[in-house]
Each structure stands twice: as structure tokens, then as C-alpha cells.
Amino acid sequence: MTSLQTWPLTFLLVIAVHCSNSLEDNQIASLCTGSPGIPGSHGLNGSPGQPGRDGRDGRDAQPGGKGEKGDRGVSGQSGERGFTGDRGDPGEKGEKGSSGECAVATKSAFSAKLSESRTTPLTVRDAVRFDSVVLNEQGDYNPETGRFTCRVLGVYYFAVHATVYRSSLQFDLIKNGNAVASYFQIFGNWSKPASLSGGTLVHLIPGDQVWVQMALGEYTGFYSSSKTDSTFTGFLVYSDWKNSAVFA
């Protein structure tokens, strides 16, 4: 190939080298850059990537404020009753209480005697009226009728002491019209008075009555004077009230 034939090729090579140096040195950009191209279309979405690693634990934060109280829940069903536990130790002794009121014991007692004006005449089946009262604090004995009226349920003891003079004597101890005991003393023409005594236990309820009654018309020898007496006595032995200790 001749020199004339190679000259155009050499000239183009020089220009190419010069342009490449200008691009590197950014000196003659207008000679090497083309006009902006048309924007390309959007690419397709890529496939999902692999899951990332867990992040690091966060630092402790400040405690939050107290929240509002929630509504009360529905009560649950009662559970089964448990076993009885062991007996506990005795507690300490308490302080002594204040003194209470004194109890009032049940009382019923009387004693009466015949006055001289009552010794004669005495009628058969009539109550002997021991009219001179010795003791009758509860008022259970009536000297006008000669009868004791029960007010406190319980057992009573009644006793009769009779002075007998100038006549034989027979009398009964009566409860509600029925004889519970009978006593007899015959007169033997003694010049001095004799005595006849007897007694018995009787169970009474409130309202019951007890009295001494003449038994026979010819045996009426009750006697009383300033030196000797005939007496009728009765008193409560024990009460059957459940609360007898505080019976007033």
C-alpha cells in the first residue's frame, strides 16, 4: 500500500486518539458527546428479596404510667369446701369482766299461829284460820282464810304443831281439797295440855292451795293461850323454775 493510500487511515486514527484524550481530560466535550437519548421504558419488578436478619434488642425504656382500673370481672363459681383444719392453739385469757347484778333466790315461807279467840268453836271441814302471822314476807299465806297459795313452782314442806287441851284432836293437811296427811291425838283426861305435831313434803304448781282442816266434829281440841301455841308453817324447799336463780 502507498503512502497516499494510507494517509486517510492515519488521519482518522489521530483524530480518534485525540478525541479519547479529550474525553479523559474533559477538554472538548462538544466534539465527543452525542445528543441525549430517548428515556428507556420502566423495567419489570424484581423478585422478592430474602428475609432480613432480626434486629438488635432495643434499650430499656422508662416505665409507663399506671393505667386506669379495669371493670370488675364476673364472679367465678364457688369451689369445693376444703377439709376442716387442725384446731388452733388456745387464745390468751381475756380480761375479767365487770361485776354483774346479784341474783335473787326464789323465796316462799310463812308461819302463823292461832290467837286465843280462834280456838273455839272449830267447824268440821272448815279451814283452821291461823290468824296471828309470825312470818309472811311474800304474802303467800292468807290469815283471813287460813290458806297458803303457791306462787313458785317447786317442793314445799308444811308442818303443823297443835296444843291439845280438854278434847281429842284430829285434822288433815289439805291440798286443793284432798287430804295429803292426817293427824290424831286422843284426850286421856290429862290435867295439862298435850301436843300433836306433824309435817309432810308437797309438790306444788302456781295456784295450788294448802290448808289445815278439821276432820271430825268431836275431835276439835286445838288450843292456844299466852303460854302455849298452835302453829301452821310452810316453806319452799327447792324450786323447779328453770331460771329460779333470778326469780324476783
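Ser111 is found in strand E1, which spans residues 109–113, and the coordinates discussed here belong to a predicted model. Averaged over the chain, the pLDDT is 80, and 79% of the residues score at least 70.

**Surroundings of Ser111**
- Ser111 counts as buried because its relative accessibility is 15%, where the cut-off for that class is under 20%.
- The side chain of Ser111 makes a polar contact, at 2.9 Å, with the side chain of Thr233.
- Leaving aside residues up to four places away in sequence, Ser111 touches Val133, Val134, Leu135, Phe232 and Thr233.

**Nonpolar surface patch**
- A nonpolar patch on the surface is formed by Leu201, Phe235, Val237 and Tyr238, which together have about 390 Å² of accessible area.
- Strand E10 (residues 231–239) supplies the largest share of this patch, with 3 residues, while Leu201 lies in strand E7 (residues 194–204).
- Leu201 has a relative accessibility of 55% and therefore counts as exposed, since that class begins over 50%.

**Confidence of the prediction**
- Among the elements of the chain, the lowest mean pLDDT, 53, falls to helix H1 (residues 3–25), and the highest, 98, to strand E3 (residues 141–142).
- Residues 21–25 have a pLDDT below 50, and this stretch has 3 contacts in the model beyond near neighbours in sequence.
- Residues 244–248 also have a pLDDT below 50, and for this stretch the model shows 17 contacts beyond near neighbours in sequence.
- Where pLDDT is low, predicted coordinates should not be read in detail.

How values were computed: Residues numbered from 1 in each chain as written. Heavy atoms only, no water. Patch = residues over 30% accessible without salt bridge, like charges linked within 9 Å, V, L, I, M, F, W, Y side chains within 5 Å. Areas by Shrake-Rupley, 256 points an atom, 1.4 Å probe, with all protein chains shown as cover. Salt bridge = Lys/Arg side-chain N within 4 Å of Asp/Glu carboxyl O. Helix = DSSP H or I, 4+ residues; strand = E, 2+ residues; numbered from the N terminus. Buried < 20%, exposed > 50% of the residue type's maximum accessible area, 1.4 Å probe, protein only. Polar contact = N/O pair within 3.5 Å; in protein donor to acceptor, adjacent residues only side chain to side chain. Contact = heavy atoms within 4.5 Å. pLDDT = per-residue confidence, 0-100.
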